[in-house]
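Dear colleague,

Please find the structure below, followed by a short account of what was found in it.

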Amino acid sequence: MSNDRGLQDAHVKIGTKQTMRMIELNRAEEVYVAEDADPRLTSKIIALCDQHGVKVTYVDTMHNLGKACGIEVGAAMAAIVKT
């Protein structure tokens, strides 16, 4: 992931429940999904993004996504919240 500072500086919701909530409330601008996350979770989020017209960006690992979000653990997904 090339723009690590961008996710740390943006208003981000991390995790499946928070990401899903932001999409359903039409507050998600873009969603980042880790390619090594559980497909049972990511497939639902990707389908929801398609329904709501939210851009999905893939990150190679959960570790790299968590790091990009400024947390010490991996993250399956994160949403950038509209301001």
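From the N terminus on, the elements of this predicted chain follow the order α-β-α-β-α-β-α-β, giving four helices and four strands; these are DSSP runs, with helices (H or I) of at least four residues and strands (E) of at least two, numbered from the N terminus. Residues are numbered from 1 along each chain as its sequence is written. Because the model is predicted, local features need pLDDT of at least 70 and side-chain atom pairs count only at pLDDT 80 or more, while totals for chains, interfaces and linings use all residues; side-chain values use heavy atoms, without hydrogens and water.

Strand β2 (residues 28–34) has six of its seven residues buried, that is, under 20% relative accessible area with a 1.4 Å probe, protein chains only. With strand β4 (residues 77–81), β2 pairs in the antiparallel sense over five bridges, and A79 in β4 is the bridge partner of V31. With strand β3 (residues 55–59), β2 pairs in the parallel sense, also over five bridges; here E30 stands opposite K55. Pairing requires at least two DSSP bridges between two strands.

T42 lies in α3 and counts as buried because its relative accessibility is 9%. Leaving aside neighbours within four places in sequence, T42 is in contact with V33, A34, A37 and M77, where contact means heavy atoms within 4.5 Å.

Yours sincerely

How values were computed: Buried < 20%, exposed > 50% of the residue type's maximum accessible area, 1.4 Å probe, protein only.
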